[in-house]
Amino acid sequence: MTSTPMSDRPTDATTNPSPERRFSTAEIAVHAAFAVLIGIGILTAAIMWIDTLAIAVGRRETVRTIHLTVGLLAPLPLALGLLSARFRADAVRLERWSSSDVAWLRARDRRSGRIPVTRFNAGQKLNAALTVGAIVVLTGTGTVMAGWLWSWPTSTRTDATWVHDWTAFALTLAVVGHIAFAVRYGRGDASTQNHGATSTS
Amino acid sequence: METLPTASPDAEERPYGRRIVLSVIGLGAIGVALGAPLQSAIDAVLSPVRRVDPTGLAELVPGEGGWRYYSVTARQPDLTTADYRLRVDGLVDRSTTLTWDDLSDLPQTRWTRDFQCVTGWRVDEVAWQGVRLNDLLDVVGVQSAARAITFHSHDGVYTESLTLDQVDRDEVMVATHLDGEIVTRDHGGPVRLLVVPMYGYKSLKWLSRIELVDNVEPGYWEERGYDVDAYVGSSNGRNDEPIT
């Protein structure tokens, strides 16, 4: 491997997986597929939800079909990800909280480095757990709304619609926040808040 | 496993991740189970905020926010009062095509009533004006074999139905004005149907044709699981306050 004088680590992600690469190819693929599906889900939801867009686009049945399709597919990348050992290891890391994670989340100076952070910070853990929960709720209520599996009474369908709307609203805020933090603090880069990132299990 | 920078033994780590996931799922289940009461409580808190919000951003927050616009086709019909036509045919004595001016010349009816959608939103005290359907049917003469009406929309797809008994008993109008203005395109204008005591999907938009038939033909949403007799508060498994 060659290095330029200015850089002591590879800049080309297609070269051998270096120990400094934060995520495996499988993890990056899962993230990309999940992001595309959720992105299309939010876009089609917006068309059905925001009056101006609803009027401009119309075609409610088509938009609905796209929305239902990406909604059903959304859990799939996560399920396929479980085939990857590194994905599973990271899922476990996201799931376990230490007492310093709780302290980090509460601290005003959480970015100062005073409170040590392992591979994932508590915000990332919180986001991951909320997103997984939201996907389950959205898929479940969406199934009721679509009238699948059983002939749900209309009252149940409208109650499910209400929960679906609020969950989708909260998830959209979480996604916007997730992107904002990624832009601000960097993403997939070994130089950012990644104590312990250089070793893989 | 990676080495942690501080003394943070595994024993100290807790499975908060799965607790958060399960809590979110639990909240969702509670929301579906409690449904309408919880919904009204939260809407009661939010609606004052929504009313004074100058940015319009509150529209993005779920909840009751006045009219919502649904259309089932790619484009909504774009009709002016000048090119608007309403066909009345089927089991009638005199098949007729009415213009906007013809409708204006018929006796006018005015009702101020709430408008309730089956998906939950309700708009209080909407002022409607138009021709009561009974008055219009008197003009064309209904044959004795007729039992029901199929309504067609200028969008070419949407249909609705009522029995003639319902038309006699209930407040049903061919509406031309909403809150003092000619019904806008987004609201199904210039001419739409208004079935006062029933959920909004019965009040077909962009009314193009009134067809007298001998049997009820389920309409667009009724083919997709909604009740044909759609009285507010006693159909579709909902318990909204009835509209009279």
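1. Basis. This is a predicted model: local features need pLDDT of at least 70, side-chain atom pairs count only at pLDDT 80 or more, and totals for chains, interfaces and linings use all residues. Residues are numbered from 1 along each chain as its sequence is written, chains are lettered from A and ligands numbered from 1 in the order in which they are written, and side-chain values use heavy atoms, with hydrogens and water left out.

2. Size of the interface. The size of an interface is often given as the accessible area lost when the parts come together. Chain B and chain A bury about 4,300 Å² between them. Buried area here is the accessible area (1.4 Å probe) that two parts lose on being put together, summed over both. Carbon and sulfur atoms carry 62% of it. In terms of contact (heavy atoms within 4.5 Å), chain B contributes 50 residues and chain A 46 residues.

3. Pairs across the interface. Seven residue pairs are in polar contact between chain B and chain A, both residues at pLDDT 80 or more. A polar contact is a pair of N or O atoms within 3.5 Å; within protein, one must be able to donate a hydrogen and the other to accept it, and residues adjacent in sequence count only if both atoms are side-chain atoms. On the chain B side, helix H1 (16–34) and helix H2 (36–52) each supply at least two residues of the surface that touches chain A. Helices (H or I, at least four residues) and strands (E, at least two) are DSSP runs, numbered from the N terminus. H1(B) gives the most to that side, with 10 residues. By class, the side has 26 nonpolar, 14 polar and 10 charged residues. Ala, Val, Leu, Ile, Met, Phe, Trp, Tyr, Cys and Pro count as nonpolar, Asp, Glu, Lys and Arg as charged, and the others, Gly among them, as polar.

4. Salt bridges between the chains. The rule is a side-chain nitrogen of Lys or Arg within 4 Å of a carboxyl oxygen of Asp or Glu. Two salt bridges cross the interface of chain B and chain A. Glu61(A) pairs with Arg224(B), with the closest N and O atoms 3.8 Å apart. Glu95(A) pairs with Arg18(B) at 3.0 Å, N to O. This pair runs from helix H5 (residues 85–95) of chain A to helix H1 of chain B. Which partner is buried, and which partly exposed? Glu95(A) is buried at 14% relative accessibility, while Arg18(B) is partly exposed at 46%. Buried means under 20% relative accessible area, exposed over 50%, partly exposed in between (1.4 Å probe, protein chains only).

5. Salt bridges inside chain B. The whole structure has 14 salt bridges over all chains. Arg87(B) and Asp89(B) meet at 2.6 Å, N to O. Arg87(B) is partly exposed at 42%; Asp89(B) is buried at 6%. Lys202(B) lies in the loop between strand E9 (192–195) and strand E10 (207–213), and Glu222(B) in the segment after E10, so the pair ties together parts that are 20 residues apart in sequence. Lys202(B) is buried at 1%, and Glu222(B) is buried at 8%.

6. Two places in chain A. Helix H3 (residues 60–73) of chain A has buried residues Arg60(A), Val63(A), His67(A), Leu68(A) and Val70(A). Their cover includes helices H1 (25–49), H2 (51–57), H7 (122–146) and H8 (154–185) of chain A. Arg119(A) sits in the loop between helix H6 (99–106) and H7. Arg119(A) is buried at 3%. Its side chain reaches the backbone oxygen of Arg22(A) at 2.6 Å.

7. Chain B has five helices and 10 strands. Of its 244 residues, 50% are buried. Among contacts between residues at least 6 apart in sequence, 65% join residues at least 24 apart. Thr96(B), in strand E2 (residues 96–99), is partly exposed at 23%. Thr96(B) and Val140(B) are 44 residues apart in sequence and 7.0 Å apart in space, C-alpha to C-alpha. Beyond four places away in sequence, Thr96(B) touches Leu86(B), Arg87(B), Val88(B) and Val140(B).
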